[in-house]
Amino acid sequence: MRTTIDTYKSRAGRLNLEGIDFADFQAHPLSPNALRSLRYMHDIEHHTVCYLRDLLLTPAHQDPVITSFLSCWVFEEMWHGEAIGRVLEAHGEEAGMPRIAALRHGRRRREAVTTLSTIATAAFSGRAFIALHMAWGAVNEWTTQAGYARLSETADHPTLRELLRRIMKQEGGHIDFYASEATRRLRGSAKAQRLTRLALTHLWRPVGSGVMPKREVGFLVNYLFSGEKGRQILERIDRQVDRLPGQEDLHLLTRAVARVSGA
Ligand SMILES: [Fe+2]
Ligand SMILES: [Fe+2]
């Protein structure tokens, strides 16, 4: 039977953009709010490599299954950022290298703090850190995929819908890996369960919170996850988190989003 990593590696690759008509956005532009969401998503997809830098300083780099996954994962996320960048460019906006360089330049000091705290957590927790990393990744990927799905629905733009459908399919591959690895590693370790529960409860924030300005995090969370529909999505992800060993009843998403949106 193929392992999760073999299955993922056999499917991983550059996002297929064949048939995506980016010029369509010039004729039929997106709303200002949809564009604002895509700027955020562009920046976060491109930030994946910085997250990877921190992870490789932890025990995660000693596990070849994890490093194989991360190698393909960062490649796929980079192409998600590139594809979204083309949507921004079709609207006459700057994207890609100049935008990313400016973002990173403004984040140097905060980045150093994030890197040091990741290393400290990993040093304190040893191999249990990998289980936490896998659970954290699963939560981030569940949230990201749900965010794309909600944007696709809200923007109601056929070309964007097709592009996001293809991105979401790859996010699904990331979810499968992170969630199955998290489940397996948490099941075998009470220490990993405790560490993960502690970290998710006290440290987890919506994807991009440590990178993007607070007002942009608040905007995105309200735009994508407010109202009855938003609540249902958050509760669904909370139930997925509940199913990870030792992570029951965290109400992680509903609580985190309520904090960000000031509810
Ligand atoms: Fe992505
Ligand atoms: Fe992803």
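This is a predicted model: local features need pLDDT of at least 70, side-chain atom pairs count only at pLDDT 80 or more; totals for chains, interfaces and linings use all residues.
**View 1. Helix 1 and helix 8 cross at roughly 165 degrees.** The axes of this pair come within 10 Å, and helix 1 and helix 8 are therefore roughly antiparallel to each other. Their crossing is left-handed. On the helix 1 side, look for Thr-4, Ile-5 and Tyr-8; from helix 8, the contact is made by Gly-173, His-174, Asp-176, Phe-177 and Ser-180. Sorted by class, the contact of helix 1 with helix 8 has 3 nonpolar, 4 polar and 1 charged residues.

**View 2. The second largest pocket is lined by 14 residues.** Welcome back to helix 1 (4–11) and helix 8 (158–187), each of which supplies at least two residues of this pocket's lining. Helix 8 gives the largest share of that lining, 6 residues. The volume of the second largest pocket is about 350 Å³. To find its centre, start from the lining residues that lie nearest to it: Arg-11, Glu-76, Lys-169, Gln-170 and Gly-173. As for class, the lining of the second largest pocket divides into 3 nonpolar, 6 polar and 5 charged residues.

**View 3. Helix 8 meets helix 9 (residues 190–203) with axes that come within 7 Å.** We now follow helix 8 to another of its partners. The axes of helix 8 and helix 9 cross at roughly 125 degrees, and the two helices are therefore oblique to each other. Helix 8 brings Arg-185, Leu-186 and Arg-187 to the contact, while Ala-192, Gln-193 and Thr-196 come from helix 9. The residues of this contact divide into 2 nonpolar, 2 polar and 2 charged.

**View 4. Helix 10 (residues 214–225) packs with helix 12 (residues 252–261) at an angle of about 125 degrees.** Their axes are 9 Å apart. Helix 10 and helix 12 are therefore oblique to each other, and their crossing is left-handed. The contact of helix 10 with helix 12 holds 4 nonpolar and 3 polar residues, with no charged ones.

Technical notes:
Residues are numbered from 1 along each chain as its sequence is written. Chains are lettered from A and ligands numbered from 1 in the order in which they are written. Side-chain values use heavy atoms; hydrogens and water are left out. On a 1 Å grid over the protein atoms alone, a cavity is a set of points where a 1.4 Å probe fits but cannot get out, and a pocket is an open set with protein on both sides within 12 Å along at least five of seven lines; lining residues have an atom within 4 Å of a point. Grid points are joined across faces, edges and corners, and a volume is the space filled by probe spheres set on the points. Helices (H or I, at least four residues) and strands (E, at least two) are DSSP runs, numbered from the N terminus. Ala, Val, Leu, Ile, Met, Phe, Trp, Tyr, Cys and Pro count as nonpolar, Asp, Glu, Lys and Arg as charged, and the others, Gly among them, as polar. Axes are lines fitted to C-alpha atoms, for helices over the stretch in contact, and angles run from 0 to 180 degrees between N-to-C directions. Angles under 35 degrees count as roughly parallel, over 145 as roughly antiparallel, 65 to 115 as roughly perpendicular and the rest as oblique. A crossing is left-handed if the near helix is turned anticlockwise from the far one by less than a right angle, and right-handed if clockwise. Contact means heavy atoms within 4.5 Å.
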